[in-house]
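User: I have a structure to read and I am new to this. Can you take me through some features, one by one?

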Amino acid sequence: MRSPTIKAGALVGALFTTSLTAILYLAQQIAGLPFAPFRVFDWMARALPGSVVTFGIDTMVALIRALRVGGPADIAKPAEQTLAILGLLATGTVAGAAVFGAMRSSRFGGSRSPRRAITAGLIAGSVLGLAVALIVATSPLPGPPGPVLGALWTAVAFLAWGAGLGWSWQRLAGVRSVAPSSAAAPPPAAAPSPAAPSPAAESSTGVTVEPVDRRTFMIRLGGATAVVTVAGAALGGALARGRQPASDASARWSSNNPLPNTGAAVDPARGTRPEFTPLDDHYRIDINTLPPRVAEVDWRLEIAGLVDRPASLTLAQVQSRYEPMHQFVTLACISNPIAGDLTSTTRWTGASVRSVLEDVGVSPDATHLRIRSVDGFDETLEIALAMADARVMLTYAFDGVPLPTKHGFPLRIYIPDRYGMKQPKWIQSIEAVDAWEAGYWVRRGWDREARMRATSVIDTVAADMMMIDADTQPMRVPIGGIAHAGARGISRVEVRVDDGEWQAATLRDPLSATTWVVWRFDWPFSEGRHTFTVRCFERDGTPQIATESPVRPSGATGLHTMDRMM
Ligand SMILES: Nc1nc2c(c(=O)[nH]1)N[C@H]1C(S)=C(S)[C@@H](COP(=O)(O)O)O[C@H]1N2
Ligand SMILES: [Mo]
């Protein structure tokens, strides 16, 4: 009997793992059971050293930008999901090769003990299955079936997968049936196929061995796994689409109200990004491949630690006990490169942290709030800051509707002037403590303060909006974009063309003192290739930092330039 090759093992491993992935996906869509590749990916993202994770993220963002496949905001999550699935496929392929390799080695029994193929497959399945089950069982993420059922399902799925590998080895080795004892195995099918005319040989171990056409088996296996994969993915995909809540745009605040700066004197140059980001376009960044789904009925905001009156509040209580506040906010990720798309503006609604703290009575010893989220994310906020700045806000609505799942339902915090990494989504508890502690990204080497850098961006050189003034020359082309400096405001934006003088742009009244400012510069057009550069100044006159620095650890600095052939 020829032992199947390691290469065949790799192929069988890849085929079975593809089917496994589809089945896990379908089970997730049907019953909310954990999807192993994403859980493992998320676990790795949390467990690996910060420098490794940052390197991975930077590489991905650089790749996305270099390939021009879209902005990181749109591509990052799908890219992560693809990576996670490819990771499982690679692991499954290697495991298939390993199982077949083990069967070739005489130490394991080799092809003389074909029964061991199932054992070898089950060992592979249990090693992977237990590892993933452990990750699932210890994951902080909420989910309807709970960690025990999730872990059990994962283990069973991987065991079945391993048994499939072993069974395939047996079929490729020509093992027809494995009799339990020395009892004679039943003769092969009545009519032997012409492809396999030689009679089955009976080995000493009670195993019927029959030559097989390995190519035919592989083609059949490929066909069967393809059917399972396509069916699972299609059905799962259909379920996922069917469940997508019809995002009711008409309920949004912006659908029913004019923006507060309506009628502002300066019109944006055509091609400038929307001043108010449509809710579905708000960038998303977090440590989860799939955003955690919190059920409102199960959720409480736990306020504990050094407080006089610990509280456990429902979402309705958070909304009704404190005066709702509305703020227009530009949020940005500290990983946003110069002119990147990891920044958005919407209307945030919530309860001032100051009123919540006054309500629960903070002990004089308390200096900080430890904020913890359902996904294991956490950050620390100075109590003095929350008491001094009433804008620090527990947020439960974006654009007048409950926070979308991916933006932190049911509760997130807003801290003016800080990058997103300081502002947990999916908050579950707030603990008053007497010492500062590093938060999730700070522990991984990022800035402790994460104060937003001043930044300015050219969105458009609107050649199609060229204006020909009746009697004044020359023709002008509107150039426009945004400038933002956290909560510090923008006093001035300037544009330079090639090596010319810096010239002042006009500023549109912003939506609020903490949002970006839309600027516009009507450039006296001249033909040829030009380089446009923009810079801004904060409200107090501080210039934007022109020296280039990378996003890590404190946010990108440097000026945005754009080349255009006019
Ligand atoms: N619980 C939790 N909160 C989080 C994060 C996270 O991974 N988990 N990421 C932070 C980061 S890095 C950013 S930039 C913002 C992004 O918020 P958004 O996705 O709503 O735009 O969420 C912050 N809050
Ligand atoms: Mo971020």
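Analyst: We will go through helices, sheets and salt bridges in turn. This is a predicted model, where local features need pLDDT of at least 70, side-chain atom pairs count only at pLDDT 80 or more, and totals for chains, interfaces and linings use all residues. Residues are numbered from 1 along each chain as its sequence is written, chains are lettered from A and ligands numbered from 1 in the order in which they are written, and side-chain values use heavy atoms, with hydrogens and water left out.

User: At what angle do helix H2 and helix H4 pack?

Analyst: Two packed helices are described by the angle between their axes and the distance between the axes. Helices (H or I, at least four residues) and strands (E, at least two) are DSSP runs, numbered from the N terminus. Axes are lines fitted to C-alpha atoms, for helices over the stretch in contact, and angles run from 0 to 180 degrees between N-to-C directions. Here H2 (residues 36–47) meets H4 (residues 72–104) at about 105 degrees, and their axes are 8 Å apart. H2 is therefore roughly perpendicular to H4. The cut-offs: under 35 degrees is roughly parallel, over 145 roughly antiparallel, 65 to 115 roughly perpendicular, and the rest oblique.

User: Which residues make the contact between H2 and H4?

Analyst: Contact means heavy atoms within 4.5 Å. H2 brings Pro37, Phe38 and Phe41. Among the H4 residues are Glu80, Leu83 and Leu88. By class, the contact has 7 nonpolar, 1 polar and 1 charged residues. Ala, Val, Leu, Ile, Met, Phe, Trp, Tyr, Cys and Pro count as nonpolar; Asp, Glu, Lys and Arg as charged; the others, Gly among them, as polar.

User: Is Gln28 buried or exposed?

Analyst: Buried means under 20% relative accessible area, exposed over 50%, partly exposed in between (1.4 Å probe, protein chains only). Gln28 sits in helix H1 (residues 6–31). Its relative accessible area is 16%, so Gln28 is buried. Apart from neighbours within four places in sequence, Gln28 contacts Leu33, Phe35 and Leu290.

User: Which residue forms a salt bridge with Arg492?

Analyst: A salt bridge is a side-chain nitrogen of Lys or Arg within 4 Å of a carboxyl oxygen of Asp or Glu. The count here is 22 salt bridges. Arg492 meets Glu494, at 2.6 Å from N to O. Arg492 is partly exposed, at 38%, whereas Glu494 is buried, at 6%.

User: Which distant parts of the chain does the Asp378 and Arg443 pair link?

Analyst: Asp378 bridges to Arg443, with the closest N and O atoms 2.9 Å apart. Asp378 lies in strand S9 (residues 378–382), while Arg443 lies in the loop between S13 (427–433) and S14 (455–461), 65 residues apart. Asp378 also forms a salt bridge with Arg370.
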